[in-house]
Amino acid sequence: MECPSKNQISKNKLEETYDVVVVGAGHAGCEAALACARLNLETIIFTVSIDSIALMPCNPNIGGSSKGHLVREIDALGGQMGINIDKTFIQSKMLNKSKGPAVHSLRAQADKADYSRQMRTTLQHTEHLTIRQAEVSEILTEPYQEVESKESLMSFKDSDSNQKLNVQPEDISKDYEKLNKNIENKKIIGVKTVSGAAYYCKAVILCTGTYLRARCLTGEMIAHTGPNGLMAANYLTDSLVQNGVEMFRFKTGTPARMDKRSLDFSKMQEQKGDERVVPFSFTTNPEDVQIDQVSCWLTYTNEKTHEIIRDNLDRSPIYAGVIEGTGPRYCPSIEDKVVKFPEKDRHQLFIEPEGIHTNEMYVGGMSSSLPEDVQYAMYRTVPGLEHADIVRCAYAIEYDCINPNQLYPSLEFKKIHGLFSGGQFNGSSGYEEAAAQGLIAGINAAMEILGKEPLILDRSEAYIGVLIDDLVTKENHEPYRMMTSRAEYRLLLRQDNADLRLTKKGYKVGLIPKERYEWVLKKERLIQAEVERVCAVVVGANQKTQQVLKKYKSVPLNTGSTLAELIRRPELSYELLSELDQDRKELPYDVVEQVNINIKYDGYIKRQIKQVESFKKLEKKRLEKNFDYDAVSGLRMEARQKLKMYCPVSIGQASRISGVSPADISVLLVYLEQYYHNKNKS
């Protein structure tokens, strides 16, 4: 199809051409659009309202347990979220500091309006990026056929040795003919808006968040709007369904906002930020984020609160059967908490400011869809909220999203070439999960247009890899939330080493500048050299050593010891032992941090690296997009159906699909060895 020129206006019709169209300007859409534009692709981003760019309709905070890891990884790949929160936070904390470094997570309360404003400014000053306020109502597609050639199948390579294998034409011709029949795939060619304007492009990235056919519920009152009363997007779902996309209906919610002047903070516990703030972005100067922080506050529900909720459950849309969508298990409404945890006589509530220039306070932990009069009654039973004035009522919101099993790990639709998606539209929850997916979708849309390999992070490389693998491989019947417990290799996937893990990949993609890449290489060398030096330094059981150990309540030495052995003691660290290390040179703080962790957890890290090596072996055994599972005798029917549905890209991914047993994987491995891995006898 021949596309029109960049701007072409005929009677009653506008037509424009771009490289990439991004639908939605939330956290996913912003990252996707910025990635494409920064890779010099002409990009247009659509939003139902310019004022909703990077909006935080729920709690205006970034990070938290596991989510802080995602933000650090986004930053290491060249994304914007970490930079933006460093500019706009009003309180910052490192969570789980009493535990090991694997679960340390940054969390920052943002100035809601400033966060959105700063991100909007970034988009507006990015070359190759156009912002358009309009509702996209239709995706434009045409038939598309993509099959492997006989030549490419015959040149199959062993994933471990990278050696070309001997696959004979007679072995492949039967399956090749199958691949060429009944191809129903499509490819994207553009989108249309409600006004009828057409925007032609090479790739579309859907980041619609909670706007598709959205409706907000507060008791018996139902408003067909998106979050914060913004316009819903009511037309795109039909177009997606017509193009064979399977849709889900999910739900989330948000609590009321209170007028700060009506609250009694003397009845609450003050929650201050960290004395020394750690920035989210590896590019932020730590001194620039040492600011005066605002306080948050802690209070609790009580039995009177719970009694009011129980007495009015019949008026809750959740329990009255009015809500169709499935809500998030790990972020339940206060009604759910009271019903599902009847043994608890109180629940924590965090009263947090929405910004510096507003009196609105967010009541974290008490989202609801109860009627307005019930909300006033229950909130006013909470200590400190007895005279609370509600600025915005709590509400539940239902919206359309997709079954993410329809996506490749690149976040491209399996049956619509050039159509990518990210964020809550993929069935996830949370700003951080959304931004991570948006960045990967944007990168991979750009890679496809530029004719390069997609960026696919596996579970051993990043929390982003865990997030996407869980979405595209597992059955998700509720909004997905990232948690540290979902990551098998979390000791390796710490928030403090995200730059060491991922900056090289960001540089290869083209989003990380050379100077930043070279600093990471230098940082690696500094860490390795210092670890080796410290492991070779021996201290004697002399008086000075014993005094230092006594100061930190550590067991005295009977004989000489290396500094590394002392650092591994729980009560000691690399920094604390500086006075015993005469040859120590001054090193950057982040290098010191890595040296301490690498020495202290050396045994655990080595053990996990071995686990990753075993994991990688299965990940390297690749499966073709159109692999014929019907030809594999011995596969159980359920496994065959699931494998055909999910189209895994590797044996490793196949092994994580529900319904595919270890025995099925063994059958697949034997088949691959017999069919593809007939090595040349010579």
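What is the relative accessible area of His128? It comes to 29%, so His128 is partly exposed; under 20% would be buried and over 50% exposed, with partly exposed in between (1.4 Å probe, protein chains only). This is a predicted model, in which local features need pLDDT of at least 70 and side-chain atom pairs count only at pLDDT 80 or more, while totals for chains, interfaces and linings use all residues. Residues are numbered from 1 along each chain as its sequence is written, and side-chain values use heavy atoms, leaving out hydrogens and water.

**View A. His128 and Arg213 both have a positive phi without being glycine.** His128 has a phi of about 70° and belongs to the loop between α4 (112-124) and β8 (129-133). (Helices are DSSP runs of H or I, at least four residues, and strands are runs of E, at least two, numbered from the N terminus.) Arg213 has a phi near 45° and is part of the loop between β12 (203-206) and β13 (215-218). With 38% relative accessibility, Arg213 is partly exposed. For background, most residues other than glycine have a negative phi.

**View B. Five strands make up an open parallel sheet.** Reading across, the order is β8-β4-β3-β12-β24. The edges are β8 and β24 (419-421), each of which pairs on one side only. On average, neighbouring strands are turned by 20° against each other, direction ignored. Zoom in on β3 (residues 20-23): four bridges join it to β12 in the parallel sense, and strands need at least two DSSP bridges to count as paired. Here Val22 stands opposite Ile205 of β12.

**View C. Helix α1 lies across several strands of that sheet.** Residues 27-38 form α1, which lies across β3, β4 (43-47), β8 and β12. Against β4 it runs at about 165°, where axes are lines fitted to C-alpha atoms (for helices, over the stretch in contact) and angles go from 0 to 180 degrees between N-to-C directions. Thr122 in helix α4 touches Leu34, Arg38 and Gln80, ignoring residues up to four places away in sequence; contact means heavy atoms within 4.5 Å. Thr122 is buried, at 13% relative accessible area.

**View D. Helix α11 is mostly covered.** Of the 19 residues, 17 are buried. Just past the helix, Gly451 has a positive phi of about 75°.

**View E. The largest nonpolar core holds 101 residues.** Such a core is a set of buried Ala, Val, Leu, Ile, Met, Phe, Trp, Tyr and Cys residues joined through side-chain atoms within 4.5 Å. Which residues have the most contacts inside it? They are Val21, Ile62, Tyr115, Val204, Ile205, Leu240 and Ile464. Helix α11 supplies the largest share of this core, eleven residues. Setting aside neighbours within four places in sequence, Tyr115 touches, among others, His27, Ala54, Met56, Ile62 and Met81. A second, separate core has 25 residues, including Ile309, Val338, Ile351 and Tyr379.

**View F. Seven aromatic pairs turn up in the whole structure.** Rings of Phe, Tyr and Trp (its six-membered ring) pair if their centres lie within 6.5 Å; planes under 30 degrees apart are stacked, over 60 edge-to-face, the rest tilted. Phe46 and Tyr199 are edge-to-face, at 4.8 Å centre to centre with 75° between the planes. Since Phe46 is in β4 and Tyr199 in β11 (residues 198-200), their pair ties together parts 153 residues apart in sequence. Both are buried: Phe46 at 1% relative accessible area, Tyr199 at 3%. Phe265 and Trp297 also have ring centres 4.8 Å apart, but their planes are at 35°, so this pair is tilted. Phe265 sits in the loop between β16 (257-259) and β17 (269-271) and Trp297 in β18 (residues 296-300), so this pair ties together parts 32 residues apart in sequence. Phe265 is buried at 18% relative accessible area, and Trp297 is buried at 16%. Elsewhere, ring pairs join Phe627, Tyr629 and Tyr671 into a cluster.
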